[in-house]
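Here is a friendly note to read with the structure open beside you. Please take the points in order, and follow each one on the model as you go.

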Amino acid sequence: MLSVVIPIYNEEKSLGKLYDRLTKTLSKIDEEYEIIAVNDGSSDDSLRVLKKLHKQDSRFKVVDFRRNFGQTAALAAGFDYAQGDVVVSIDADLENDPNDVPKLLDKLDEGYDIVSGWRQNRWVGGLLQKIVRRVPSEIANFLVRRVTGLELHDTGCTLKAYRAEVLEHVELYGEMHRFVPAIATRYGAKIAEVPVNYQPREFGSSKYGFSRTVRVLLDLVLLKFLLGYGTRPIQFFGLLGVVLGGLGFVFSLYLTYVKFGLNQSIGQRPLLLLAVLLMVLGVQFVTMGLLGEIVMRTYFESQNKKIYAVREFLD
């Protein structure tokens, strides 16, 4: 079974066309399907349109949020309610082409766990508009590639296909939906990318601006820590603590020699304050690492979570 998840926020004008195009494509696939539309607290008539589509098609299901929680929360809810073995996410603004869904599924059948879309001919409009939109996007994608080591050209493309068992290991917060492939690699998921069509928005305007870019950068810092030290925080904070504390200890030894060996005053030296500060910071970082270890162990053990993921067991 195939589940298609659509996060929706104030897209009343595009929903009818999206439904027609999507169902036309899905009807050609020899597979049962369901469509899960998540209304992310829309203030327009999106919910009314969704309820109308639900009444005429039992395969069209609606999740209605009490308020606007954001695209990541909408996708997370769609993944939770999806019953398919394969889950496809797609935007509701018609920028993603439903005709590309079979292309993603074919690539998935080659043995991949996640297939991400790479929007082609995306930068439309005047020169200034292209620069304003493209430069931040290229920088963000470059940073994501550097931090995660995952060679994806378009991490922001919502059009993706996932195997359901991979999503079971992924918890989404903040703006982390764009990092699902990177998070999944932590559990050994195989990732692929295929070129997909880009269609300029027909109705309305983008709901996301510069503020989301800042949140994405902060989530990228969190992702780097989770991928590298999520199950061993003491190795990150402990290393910082040892380095800083070690420097402070070396400075203190030097000052001790100056005081008792050279019989010079050290009370007014900035180096004394620096040595004390470094040793205090060292103790604090080691303590943070120990607390992180306790939190990590509590998280895994209280919920009986595993730090590994098994693809197959042959007995």
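1. A residue to begin with. Leu143 is located in helix α5; helices (H or I, at least four residues) and strands (E, at least two) are DSSP runs, numbered from the N terminus. Leu143 counts as partly exposed because its relative accessibility is 32%. Here buried means under 20% relative accessible area, exposed over 50%, and partly exposed in between, with a 1.4 Å probe and protein chains only. Which residues does Leu143 contact, leaving aside its neighbours within four places in sequence? They are Leu217 and Leu220, where contact means heavy atoms within 4.5 Å. Leu143 and Leu220 are 77 residues apart along the chain, yet 8.4 Å separates their C-alpha atoms.

2. What kind of model this is. You are looking at a predicted model, in which local features need pLDDT of at least 70, side-chain atom pairs count only at pLDDT 80 or more, and totals for chains, interfaces and linings use all residues. Residues are numbered from 1 along each chain as its sequence is written, and side-chain values use heavy atoms, with hydrogens and water left out.

3. Confidence. The protein has a mean pLDDT of 85, and 90% of its residues reach 70 or more; pLDDT is the predictor's confidence in each residue, from 0 to 100. Please keep in mind that confidence is lowest in helix α5 (residues 127–148), with a mean of 70, while β4 has the highest, at 96. Leu143 from the opening point belongs to that helix, α5.

4. The sheet. Seen in order, the 7 strands of an open sheet run β3-β2-β1-β4-β6-β5-β7, and their pairing is mixed. β3 (60–64) and β7 (191–196) are at the edges with a single partner strand each, so one side of each has no neighbour in the sheet. On average, neighbouring strands of this sheet are turned by 20° against each other, direction ignored. Two strands count as paired if DSSP finds at least two bridges between them.

5. Two strand pairs to trace. Strands β4 (residues 86–89) and β6 (residues 160–163) run antiparallel and are joined by 4 bridges; Val88 has Ala161 in β6 as its bridge partner. β1 and β2 run parallel, with 7 bridges between them, and Leu2 is partnered by Tyr33 in β2.

6. Helices on the sheet. Helix α1 (residues 12–26) packs on the sheet and touches β1 (2–8), β2 (33–39) and β3, its direction making about 165° with that of β1. Helix α4 (residues 101–108) also packs on the sheet. It touches β1, β4, β5 (114–119), β6 and β7, and its direction makes about 155° with that of β7. For these angles, axes are lines fitted to C-alpha atoms, for helices over the stretch in contact, and the values run from 0 to 180 degrees between N-to-C directions.

7. Enclosed elements. How many of the residues of β2 are buried? The count is 7 of the 7, so β2 is largely enclosed by the rest of the structure. Tyr33, Ile35, Ala37 and Asn39 cover one side, and Glu34, Ile36 and Val38 the other. Helix α3 (residues 71–81) is largely enclosed too, because 8 of its 11 residues are buried; among them are Gln71, Leu75 and Phe79.

8. Aromatic rings. The structure holds 5 aromatic pairs. Rings of Phe, Tyr and Trp (its six-membered ring) pair if their centres lie within 6.5 Å; planes under 30 degrees apart count as stacked, over 60 as edge-to-face and the rest as tilted. Tyr19 and Phe60 make an edge-to-face pair, 5.7 Å centre to centre with 80° between the planes. This pair links distant parts of the chain, with Tyr19 in helix α1 and Phe60 in strand β3, 41 residues apart. Tyr19 is buried at a relative accessible area of 10%, and Phe60 is buried at 3%.

9. Asparagines with positive phi. Asn10, in the loop between β1 and α1, has phi near 55°, a positive value in a residue other than glycine. Asn263 has phi near 60°, also positive, and its place is in the loop between α9 (233–261) and α10 (270–302). Asn263 is exposed, with a relative accessible area of 69%.
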